[in-house]
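User: Hi! Could you walk me through a helix contact and some aromatic pairs in this one?

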Amino acid sequence: MPFTSLTEKLTALTGTTTDTEVRPRYEGNNINTWIGFKHVNYMVEEAVLAHFRAAGLPSRTLFQEYGLGLELAELDTRILNAFHLDETATATVRPTGDGTSLTFAVSLSKDGKNKDVTAKVRVALRRERYVDPADSVPSELAPYAVERIATAAPVRDAELVPSADLGLTATHRTDPLLKELVEDGNAIAWRWRISYPYCHNNERLQMSGYLRLMEEAKDRFVAHRGISIKTLLDERKWIPVVPRSSIRFLDEALMEEELHIVFTVEDVFKDLTYTSRMDCYVIRDGKLVPTATGTIVHGYAVFSDRKDWALVPFDEHVLTALRGE
């Protein structure tokens, strides 16, 4: 029976656990039939969106009727078992908020018993004034509505010098500010003009955009160190695996701003995994403003055929590259 009043819908949203079936998209199949971390996170996102729909508060209604943008503002995901093409999972979404926040615990299970993915998600309902500045948020939803997803303190003064080529070639090797941001760190950095396909709600970079950038950051880093994805794939049949990733909004990043992206390897654990951090900034009003931060844990697996793979330890060549020695 559908919920009718906003009070009933909010009660369902914040107090009811939902299950929905999710399946990875074909695009996420990059190596054999395995699904990458980005698309596993897309399944988590879809589960949260389905939870809002089940409560009678789909993202379209929130935007069109109440002027609220549904934004995944924090995402912390552990992948316990790999997903393959055409596998389906039951996604369970359990509200964990305290009455003033919209937070959820999400799990994906292929067999209905064991958890293959677990995630913690925070959703922000952002007041959208781009189209219509009028306040149309009803009192029931007002406690969850925010003027901005987040507001970070500037890091330092900085002068915005727009890239002549829209940031296509600016890296820590050519850009003074990027060089300063990676100084004394095991890191790379580049500038990127925030493009329309990565945004939503008319103006902002969204969570899926940051996930795509995190994936690109890993690709750029290993290529920079001489152990690109294709190199290890061709020479050894090694593929990167991701047991954990997280991203947190610190401020909003807007369409066509130039994002300054820094990817730093923080820790190499024995010879099995390494943890990297991605930090993103924009220059706004003469200040360097952080917009997001996140971490990702990587390892490597070797595949013997089109179906099977096994984790492998790093050798000295890979360890040297990861550590920047």
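Predicted model: local features only at pLDDT ≥ 70, side-chain atom pairs only at ≥ 80, totals over all residues.

User: How do helix 2 and helix 5 cross, and at what angle?

Analyst: The axes of helix 2 (residues 37–54) and helix 5 (residues 207–224) come within 10 Å and cross at roughly 165 degrees. Angles over 145 degrees count as roughly antiparallel, and therefore helix 2 and helix 5 are roughly antiparallel to each other.

User: Is the crossing of helix 2 and helix 5 left-handed or right-handed?

Analyst: The crossing of these two helices is right-handed.

User: Which residues meet there?

Analyst: From helix 2 there are Phe37, Lys38, Asn41 and Tyr42, and they meet Ser208, Leu211, Arg212, Met214 and Glu215 of helix 5. Sorted by class, this contact of helix 2 with helix 5 has four nonpolar, two polar and three charged residues.

User: Nice. Switching to rings: how many aromatic pairs are there?

Analyst: The count comes to nine aromatic pairs. In one of them, the ring centres of Trp34 and Phe303 are 6.0 Å apart with the planes at 50 degrees, so the pair is tilted.

User: Where do Trp34 and Phe303 sit in the chain?

Analyst: Trp34 is in strand 3 (residues 34–35) and Phe303 in strand 16 (residues 287–303), so the pair links distant parts of the chain, 269 residues apart.

User: And are Trp34 and Phe303 buried or exposed?

Analyst: Trp34 is buried, with a relative accessible area of 7%. Phe303 is buried too, at 13%.

User: Which residues do ring pairs link into a cluster?

Analyst: Trp238, Tyr274, Tyr300 and Phe314 are linked into a cluster by ring pairs.

Notes
Residues numbered from 1 in each chain as written. Heavy atoms only, no water. Axes fitted to C-alpha atoms, helices over the stretch in contact; angles between N-to-C directions. Helix = DSSP H or I, 4+ residues; strand = E, 2+ residues; numbered from the N terminus. Parallel < 35°, antiparallel > 145°, perpendicular 65-115°, else oblique. Left-handed = near helix turned anticlockwise from the far one by under 90°. Contact = heavy atoms within 4.5 Å. Nonpolar A, V, L, I, M, F, W, Y, C, P; charged D, E, K, R; others polar. Phe/Tyr/Trp six-rings, centres within 6.5 Å; stacked < 30°, edge-to-face > 60°. Buried < 20%, exposed > 50% of the residue type's maximum accessible area, 1.4 Å probe, protein only.
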